[in-house]
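Me: Please take me through one part of this model slowly, as I am new to structures. I would like to know which pieces build it and what lies elsewhere in the chain.

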Amino acid sequence: MKAVALLLGVLLLLGGGAVAGAQFVSMDMSFLDSVAGAKDFLMSPTALYAGGGAAGLGLILFIVGLLPGGRREREEPAPRRAAGSRDPFMDEPARPQSREPARAEPARSEPPRQQARSEQRPQPRPEPVREPPRTAPKPVASSAPPQQAPRPAPPSAASSATDTPTWMTDPRLTNRKRVSDLVAINDAIKAYYSKHGRYPMAKGMEGFLERGKAWVPGLAPEFIPDLPRDPAQSNDRNGPQYVYSSNGTDYKIIAKGVSLVGGTNVEVLGVRFDPARQNTAENAAFGFWTSGFESVNG
């Protein structure tokens, strides 16, 4: 290809130079007489331009044909990598070439998958080291005689008076407690009547000493949690006690055998003195009743 370019360049250079130079150099052009208009063309400016252009093109082709190189270019050697360096396009690092034959790798005792599974298995936790139980040191026998615990002093009159509730030693508070109990029992009796249409039936004016815990039948625990008893009640039936009596239509609930000495007024919250008894400061009775049982006294 370079030879063709050289040959064509030389021809164009010579031919174009001759056509362009014909106007400046005197030449014998008699050989062109047989060609009509050939002499006139060579002497025209067009021939000058055409010849100059052809000579220039031939010069360019001549120079291209002389230039070295072509399609085949010198292959540059690949840059050498240092021994042991890692190739960015390879998974494994580049290994230096050696004349020694490659050694066979030892066989693995376990496939990679099984080895990974064995590594993922949870390792057993070590058991904590338990210390042996400590035994308490045995007491050393002493030759000194054991000390006896001090005996509690017998209760005095002052301490016994302190343990007793104040409302049992103060007559005013004792009577207020009686009034409060009678009001609660009377409200429960009325609630019983509202549900059953009659009052709890009980014959005779009796209380806890005669009837026991349910001295007002059917009242506790539905209408009152517990039936209270007189705060000063004893085993003496003639002493202070709450008593009740009813025939279903009428009823009477009172505190009898009560002392009013040093006490306060008990006729509050509807409480009245029992008109069927002779009330004194040392022995009085008060409570609630209906008109039909106003005169009941036993």
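Reply: **The nonpolar patch and beyond**

Helix α3, residues 45–66, contributes the most to the nonpolar patch, with four residues. (Helices are DSSP runs of H or I with at least four residues, strands runs of E with at least two, numbered from the N terminus.) Remember that this is a predicted model, where local features need pLDDT of at least 70 and side-chain atom pairs 80 or more, while totals for chains, interfaces and linings use all residues. Residues are numbered from 1 along each chain as its sequence is written, and side-chain values use heavy atoms, without hydrogens and water.

The patch covers about 510 Å² and is made by Leu13, Leu59, Ile60, Ile63, Val64 and Leu67. (Its members have over 30% relative accessible area, by Shrake-Rupley with a 1.4 Å probe and only the protein chains shown as cover, and no salt bridge; nonpolar side chains join within 5 Å, like charges within 9 Å. A salt bridge is a Lys or Arg side-chain nitrogen within 4 Å of an Asp or Glu carboxyl oxygen.)

Leu67 sits in the loop between α3 and α4 (112–120). Leu67 counts as partly exposed because its relative accessibility is 48% (buried is under 20%, exposed over 50%).

Elsewhere, five strands form an open antiparallel sheet, ordered β1-β2-β3-β5-β4 (strands pair with at least two DSSP bridges). β1 (202–207) and β4 (272–273) are at the edges with a single partner each, so one side of each has no neighbour in the sheet. Inside it, six bridges join β2 (241–246) to β3 (251–258), and Tyr242 has Ala255 of β3 as its bridge partner.

Note on methods
Buried means under 20% relative accessible area, exposed over 50%, partly exposed in between (1.4 Å probe, protein chains only).
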